[in-house]
Amino acid sequence: MGFESQRLIIDAIIPYLSPPVGRIIRTVEPQQLKRLEEIRLRNGQPLFLKIGEQELAVNKQGELVKDLRHAYIVQGEDIYRTILAISDNSLYAFEEEIRRGFITIPGGHRVGLAGQAVMESGQIKTIKDFSSVSLRIARQVKGCSEPLLEHIYRQQRCPASTLFLSAPRCGKTTILRDLTRNIAEGSRWGPPCTVSVIDERSELGGTYRGQVQMDLGCRTDVLDGCPKAQGMMMAIRALGPQVIVTDEIGRREDVEALQECINAGVAVITSLHARDLEEAQRRPLIRELLSMGVFQTLITLSRRQGPGTVEEIVRWD
Amino acid sequence: MLWLKTVGVAMVIAGCGGGGLMRAGRIDKRVEQIKIARQAMGYLEKEITYLQTPLPLALEHTAALTAPPLKIMFQESARLLLNRQGVSVTEAWAGALARLEQQADLHADDLQILNTAANQLGASGIEQQKQCFLLLQEQLKIQEEKAREKAESERKLWSYGGFILGTTVVLFLL
């Protein structure tokens with residue numbers, strides 16, 4: 001796992017960074033490299049690496065430093081070359097992604113972009129003069145959802161509609177991804193199911209040019225880049241799923257589509273940004289959703305003992 | 001001795017005439033190569049603006065449809081970009097133009113027009129790319145016309161000029 005993680009950075013991430021930044025990351029200690037979660041480049045600011053809970057600056061020799069004066073300062077050229085590399089020197093082919101503020105690169109790694117927004121008729125037309133790039137490393141942790149399967153499968157050996165709650169960076173997406181794979185391939189808790197993934201931000205499947213980069217199981221259809229509400233309806237009509245998986249619901253139309261899915265007899269497994277049930281219920285829309293009894297299981301995650309720590313499981317049997 | 005003189009005369013005239021014909025041929029080749037460059041830019045535009053093919057692949061596809069020596073420009077820039085060594089389009093294009101310069105009959109001002117694409121290719125949205133290609137093709141069309149006109153006037157000069165020069169040299173030596 002450690003070696004694989006290190007290879008992942010060297011093979012799948014470094015080619016997308018500007019040569020000076022790539023050289024620095026290559027010299028970072030392997031022990032740190034395998035825990036690397038994010039690389040942050042901000043024009044004129046130190047190069048930061050998010051390793052576990054810490055955000056540390058790194059110097060030219062690839063050493064992690066606390067004194068920011070010794071850190072490598074990211075140049076405009078680094079940002080420019082990184083953007084060129086992640087867009088394959090083809091910004092025209094990523095207009096929609098740039099409008100949404102991120103580009104997914106092969107491997108499902110998400111690159112967040114910041115710069116000057118160009119507006120047209122009140123909508124963001126594009127982003128120009130990029131000032132920051134944040135590269136979030138996607139990892140597939142196979143088996144991480146297995147301890148949760150017994151709470152998700154019920155007596156009929158079918159997955160129940162489940163809601164995951166957690167703050168950002170607590171492993172929601174990684175668990176949803178592995179859960180999708182387990183459900184699609186079947187496990188001792190239940191037979192294989194046909195799964196539709198509505199992957200609005202290309203995070204679950206990490207789809208790159210029509211190819212799903214993550215292992216989501218052999219019975220999974222991915223609607224990539226598709227708005228959740230529309231995607232759920234499309235999946236019901238066209239793909240005949242037994243389970244729909246989608247990430248980070250929160251809009252009125254998502255809730256309405258979710259109800260439609262439940263009424264159509266399709267289980268929905270989804271997630272929501274909230275630290276716990278109490279925090280989630282402060283949002284009227286979510287309170288309404290929970291009161292409808294749409295979900296049969298609720299799982300709260302945190303980073304207390306590392307990403308994916310299960311804090312609470314609520315079952316409404 | 002007469003046969004030796006005759007051979008010498010023939011060689012001088014043939015040498016100068018051949019040189020002139022070669023030069024005339026290069027003038028025609030330049031026109032042809034500008035035309036090929038313009039057509040290739042048309043292919044590349046379609047790959048970029050209609051198919052939205054990533055630039056390295058778009059260049060590779062264009063190379064496959066383009067005749068030598070222009071082919072080398074697209075092939076080389078695609079190769080440099082596909083290597084993923086942090087090379088920008090500007091650098092890849094400049095490297096490819098340097099190779100083209102060695103093999104083509106294009107003039108510095110023709111290469112200068114092709115070089116204007118370096119900072120534009122892939123670096124903006126579809127609409128801006130369309131405008132860039134429109135301008136580039138327009139400039140190449142004008143350049144092609146100018147080269148054709150120049151070729152018309154210079155072709156005869158070099159074709160006959162070589163033989164005339166050869167004859168003059170012979171007369172002068174005799």
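**Figure 1. The interface of chains A and B in the predicted model.** Here 16 residues of chain B are in contact with 15 residues of chain A. Two helices of chain B, α2 (55–64) and α6 (126–173), each supply at least two residues of the side that touches chain A. By class, that side of chain B has 8 nonpolar residues, 7 polar residues and 1 charged residue. The predictor gives the complex an ipTM of 0.78 and a pTM of 0.78. Chain B averages a pLDDT of 91, and 100% of the residues score at least 70.

**Figure 2. Packing of helices α8 and α9 in chain A.** Helix α8 covers residues 228–238 of chain A, and helix α9 covers residues 252–263. Their axes lie 8 Å apart and form an angle of about 20°. Angles under 35 degrees count as roughly parallel, so α8(A) is roughly parallel to α9(A). The crossing of the two helices, α8(A) and α9(A), is left-handed. From α8(A), the contact uses A:K228, A:A229, A:M232, A:M233 and A:I236. From α9(A) come A:E253, A:D254, A:E256, A:A257, A:L258, A:E260 and A:C261. The contact of α8(A) with α9(A) comprises 7 nonpolar and 5 charged residues, with no polar ones.

**Figure 3. An open sheet of 7 strands in chain A.** The strand order is β4-β3-β2-β1-β7-β6-β5. Pairing in this sheet is antiparallel.

**Figure 4. The pairing of β2 and β3 in chain A.** Strand β2 covers residues 48–51 of chain A, and strand β3 covers residues 54–58. The two are antiparallel and pair over 4 bridges. A:K50 is placed opposite A:E55 in β3(A).

**Figure 5. Helix α4 of chain A lying across strands.** Helix α4 spans residues 76–86 of chain A. This helix lies across β1 (36–42), β5, β6 (109–120) and β7 (123–136) of chain A. Relative to β7(A), α4 runs at about 105°.

**Figure 6. The hairpin of β13 and β14 in chain A.** Strand β13 (residues 297–302) of chain A runs antiparallel to strand β14 (residues 309–315) of chain A. They are joined by 6 bridges. A:S302 is found opposite A:T309 in β14(A). Between the strands of this hairpin are 6 residues. In the hairpin, A:G306 takes a positive phi near 100°.

Definitions and conventions: Residues are numbered from 1 along each chain as its sequence is written. Chains are lettered from A and ligands numbered from 1 in the order in which they are written. This is a predicted model: local features need pLDDT of at least 70, side-chain atom pairs count only at pLDDT 80 or more; totals for chains, interfaces and linings use all residues. pLDDT is the predictor's confidence in each residue, from 0 to 100. Two residues are in contact if their C-beta atoms, placed from the backbone, lie within 7 Å. Ala, Val, Leu, Ile, Met, Phe, Trp, Tyr, Cys and Pro count as nonpolar, Asp, Glu, Lys and Arg as charged, and the others, Gly among them, as polar. Axes are lines fitted to C-alpha atoms, for helices over the stretch in contact, and angles run from 0 to 180 degrees between N-to-C directions. Angles under 35 degrees count as roughly parallel, over 145 as roughly antiparallel, 65 to 115 as roughly perpendicular and the rest as oblique. A crossing is left-handed if the near helix is turned anticlockwise from the far one by less than a right angle, and right-handed if clockwise. Two strands pair if DSSP finds at least two bridges between them.
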